[in-house]
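Student: Could we go through this structure together, bit by bit? I'd like to start with the surface.
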Amino acid sequence: MWFKNVRFYTVDLSQFKDIFHDDAAMEETLEKVAFKPCAAQETATIGFSPLFGKDTPYHFSCGENHYFKLTEENKLLPASVVKEQLAEVVDEKEIELKRQLRKNEKDALKTAVTGKLLSQAFSTRREILIWINYDKNVVGVSATSAKKAERALAMLREAFSSFPAQLLSPKVLVDSTMTGWLKENKLPSRFTFGSDVTLKSPDEDGGVIRASKEDLISEEISVHLDAGKIATEIGLTFDDSLEFSLTSEIAVKRLKPTDIYLEHHLSEKSEDEIADMQSILVLQGELLTELSLYLLEIFDCEHN
């Protein structure tokens with residue numbers, strides 16, 4: 001149960017003090033918007049689900065770190081399949097009536113065809129982890145896309161009636177700052193360079209260079225920087241504990257703890273699977289707190 005990607009947000013949580021410090025109140029809050037599988041005519045659904053599996057609580061808290069899980073279900077119904085089925089039904093109906101169908105008649109048939117196909121469609125499910133540090137007013141959603149993260153925030157708003165999460169608001173240009181790190185071979189003190197980078201031309205029609213397993217301060221990378229390309233994603237290591245790629249949106253991708261960190265901090269597996277998962281979340285909460293606050297600091301972000 002590791003966060004593999006994270007988008008961070010800030011939020012004033014002071015109005016939720018009674019909920020965040022009362023396990024029963026938190027469970028009641030989340031159960032109001034619990035996950036339910038798609039009904040026959042639904043194409044998608046999302047809701048909170050028991051964090052560690054069936055019959056377990058909807059959340060886990062350790063100190064000021066709180067953890068939640070959303071389950072999202074989507075039915076696979078390609079538009080091409082609907083179009084193909086509809087064409088067959090329309091042809092049959094027009095032959096039967098010996099005339100072309102009107103638009104409203106075709107729309108009615110499309111609704112019927114879609115409903116029938118939805119009842120037979122396959123479903124996929126995905127999980128979205130959420131971490132919240134109440135004391136630091138920071139939220140982390142395990143998503144790479146802003147759209148997916150926003151769906152998670154929307155569920156928090158529905159559960160808590162209000163959840164004023166804000167995008168990170170840096171007072172500096174993030175891509176220019178990251179480009180400067182490469183050009184000057186100088187990083188914030190708690191970072192070291194990884195081996196992946198994405199460089200993009202500032203021109204709309206310009207090229208994109210993606211390098212993997214490269215020395216980021218090599219002459220080859222410098223040539224592209226000197227030609228005017230800017231860094232939009234860069235591989236980093238934080239405190240010798242976390243490896244990840246940082247984007248110009250301050251989103252964290254391909255996040256994973258280093259072998260050194262795991263060797264010193266991860267306990268051996270026990271016979272209690274839930275206790276093991278809780279231990280992993282506790283470690284992540286500590287790391288995510290440190291990383292999020294450091295990103296807020298180095299990019300001079302506004303913080304509640």
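Student: Which residues form the negative surface patch?
Tutor: In this predicted model, the negative surface patch is made up of Glu84, Glu88, Asp91 and Glu92.

Student: Where does Glu88 lie?
Tutor: Glu88 is part of helix H3, which covers residues 79-97.

Student: And how is Glu88 classed, buried, partly exposed or exposed?
Tutor: Glu88 has a relative accessible area of 39%, so it counts as partly exposed, since that class lies between the buried limit of under 20% and the exposed limit of over 50%.

Student: New topic, then: which residues of helix H2 are buried?
Tutor: Within H2, which runs over residues 23-31, the buried residues are Met26, Glu27, Thr29 and Leu30. Looking down the axis of H2, these buried residues fall within an arc of 160°, so they line one face of the helix.

Student: What does the face turned away from the buried side of H2 carry?
Tutor: That face carries Ala24 and Glu28, and both of these residues are exposed.

Student: What about Leu199, buried or exposed?
Tutor: Leu199, which sits in strand E8 (residues 191-200), is buried, because its relative accessible area is 0%. The C-alpha atoms of Leu199 and His224 are separated by 7.7 Å, while the two residues are 25 residues apart along the chain.

Student: Zooming out, how many helices and strands does the protein chain have?
Tutor: The protein chain has nine helices and twelve strands, and its C-alpha trace spans about 75 × 55 × 40 Å along the principal axes. The chain has 304 residues, of which 43% count as buried.

Methods: Residues are numbered from 1 along each chain as its sequence is written. This is a predicted model: local features need pLDDT of at least 70, side-chain atom pairs count only at pLDDT 80 or more; totals for chains, interfaces and linings use all residues. Side-chain values use heavy atoms; hydrogens and water are left out. Patches are made of residues with over 30% relative accessible area and no salt bridge: like charges are joined within 9 Å, nonpolar side chains (Val, Leu, Ile, Met, Phe, Trp, Tyr) within 5 Å. Accessible areas come from the Shrake-Rupley method with a 1.4 Å probe; for residues, only the protein chains shown count as cover. A salt bridge is a side-chain nitrogen of Lys or Arg within 4 Å of a carboxyl oxygen of Asp or Glu. Lys and Arg count as positive and Asp and Glu as negative; His and the chain ends are not counted. The place of a charge is taken as NZ of Lys, CZ of Arg, CG of Asp or CD of Glu. Helices (H or I, at least four residues) and strands (E, at least two) are DSSP runs, numbered from the N terminus. Buried means under 20% relative accessible area, exposed over 50%, partly exposed in between (1.4 Å probe, protein chains only). The arc is that of the directions from the helix axis to the C-beta atoms.
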